[in-house]
Amino acid sequence: MARSDDDAVFMKELARQLSAYARPATFRSVFELVLTLSLFVGLWAAIYVGLQAGYWAAYVLSIPAAGLMLRLFIIQHDCGHGAFFASKRANDRVGAVLGVMTLTPYAVWKKAHARHHATSGNLARRGTGDIDTYTVAEYRSMSRIRRFAYRSYRHPAVMFGIGPAFLFLFRNRLPVGDMKGGWKPWISAMGTNGAIVVLIVLMSLLLGVEAVFLIHFPIILLAASFGVWLFFVQHQFEETHWSDDDDWSFHTAAIRGSSFYALPRALHWLSGNIGYHHIHHLVSRIPFYRLPQVMKDHPVLGEMGTVTIRQSVSGIRLALWDEERQRLISFRTAKRLETARS
């Protein structure tokens with residue numbers, strides 16, 4: 001049996017073992033939801049009181065508030081995987097409500113994210129729910145305009161600033177390109193948009209339009225950037241895994257193509273343990289609050305795809321998949337290799 005086949009068999013057996021953790025505990029789920037919502041509302045209120053008193057330093061609280069909004073998104077994310085509650089109805093209802101808070105139409109996102117899990121690491125099925133990634137050969141065959149566009153897309157100011165703002169404020173409002181699913185995506189998006197408008201109007205009548213804008217807008221922008229950053233680190237690291245359709249294995253791609261982001265415990269809590277992403281991709285129905293226990297019980301998972309904070313920062317420059325070397329490389333490295341060949 002080839003080494004790659006051995007690896008796939010091992011990952012499949014590991015997935016079977018981890019499936020035992022795919023059991024949501026209703027009380028724990030409700031507790032996590034109520035706690036996160038309470039802390040978020042409390043921080044939002046503290047910012048409001050601070051600004052009314054003239055303390056602009058209250059904006060510092062926007063950072064943990066954005067982290068809690070991200071945590072609410074992770075709960076919505078677990079609902080989409082059917083991992084937060086045992087009941088499908090409970091998952092979908094809670095997920096849809098949270099989608100209003102996170103500006104993400106639940107049904108549209110749920111469908112796209114399911115495709116992401118089903119195709120992650122497959123070079124032949126890129127483009128759904130992932131960060132655009134081209135191979136070195138594809139990049140070399142591009143026109144100058146397309147190269148410029150891709151390099152601009154990959155620039156940190158776009159990837160973690162302009163891009164997240166556009167995605168959550170505008171792109172999520174209209175599910176363009178999702179008509180293959182009939183009218184359901186549009187019903188989800190329009191229903192979410194309508195609920196967002198109602199919520200903003202009610203809050204504005206109660207607290208004032210200016211206060212709602214000044215407080216909530218920065219929180220949204222920060223949470224969006226935090227979320228995109230985490231998603232980037234989860235799959236965009238040097239020794240990630242991509243393969244052609246014929247060689248692709250779901251279980252291998254899940255573990256080898258997803259990282260374990262080694263964060264301090266407080267940041268793992270604030271980000272809903274999404275840094276344990278290789279475990280999540282292998283068995284997506286494990287509730288986020290069980291992921292650390294999975295790692296503790298299976299130490300071998302700590303030896304796979306680990307990315308430190310320092311490595312994640314240096315990984316920003318990685319943008320092209322080198323099929324020959326089986327790793328992500330930078331534009332500079334790609335140019336150097338091209339020069340060496342000529």
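Helices here are DSSP runs of H or I with at least four residues, strands are runs of E with at least two, and both are numbered from the N terminus. With that in hand, let us start at a histidine: His113 sits in helix α5. This is a predicted model, in which local features need pLDDT of at least 70 and side-chain atom pairs count only at pLDDT 80 or more, while totals for chains, interfaces and linings use all residues. Residues are numbered from 1 along each chain as its sequence is written, and side-chain values use heavy atoms, with hydrogens and water left out.

Is His113 buried or exposed? Its relative accessibility is 9%, so His113 counts as buried; the cut-offs are under 20% relative accessible area for buried, over 50% for exposed and partly exposed in between, with a 1.4 Å probe and protein chains only. Which residues does His113 touch, leaving aside its neighbours within four places in sequence? They are His77, His81 and His280, where contact means heavy atoms within 4.5 Å.

Next, the empty spaces. Rolling a probe the size of a water molecule over the atoms shows where empty space is left. The search runs on a 1 Å grid over the protein atoms alone: a cavity is a set of points where a 1.4 Å probe fits but cannot get out, a pocket is an open set with protein on both sides within 12 Å along at least five of seven lines, and lining residues have an atom within 4 Å of a point. Grid points are joined across faces, edges and corners, and a volume is the space filled by probe spheres set on the points.

The largest pocket holds about 1,300 Å³ of space. Its lining is made of 45 residues, and those nearest the centre are Trp109, Gly129, Asp130, Leu167 and Asn172. Two or more lining residues come from each of the elements α3 (62-80), α5 (106-119), α8 (156-169) and α10 (209-235). Sorted by class, the pocket lining has 27 nonpolar, 13 polar and five charged residues. In this scheme Ala, Val, Leu, Ile, Met, Phe, Trp, Tyr, Cys and Pro are nonpolar, Asp, Glu, Lys and Arg are charged, and the others, Gly among them, are polar.

Now to the strands, which pair if DSSP finds at least two bridges between them. An open sheet of three strands runs in the order β1-β4-β5, with mixed pairing. Its edges are β1 (134-135) and β5, each of which pairs on one side only. β1 and β4 are parallel and share two bridges; here Tyr134 is opposite Leu320 in β4, and Thr135 is opposite Trp321 in β4. On the other pairing, β4 (residues 318-322) and β5 (residues 327-330) run antiparallel over four bridges. Leu320 faces Ile329 in β5, and Asp322 faces Arg327 in β5. As for cover, five of the five residues of β4 are buried.

β4 and β5 make a hairpin with four residues between them. What is the phi of Gln326, in that turn? It is positive, about 55°, and Gln326 is partly exposed because its relative accessibility is 41%. Most residues other than glycine have a negative phi, and most peptide bonds are trans. Leu103 also has a positive phi, near 60°. Leu103 belongs to the loop between α4 (88-101) and α5, and it is buried at a relative accessible area of 10%.

Finally, the record. In an unreviewed entry, UniProt places the feature "transmembrane region" at residues 30-50, 56-74, 157-174, 186-207 and 213-233; these positions use the numbering given here, feature names are shortened, and annotations may be inferred rather than shown by experiment. In the model, residues 30-50 are 100% helix and 0% strand, with 30 Å between the end C-alpha atoms. Residues 186-207 are likewise 100% helix and 0% strand, and their end C-alpha atoms lie 31 Å apart.
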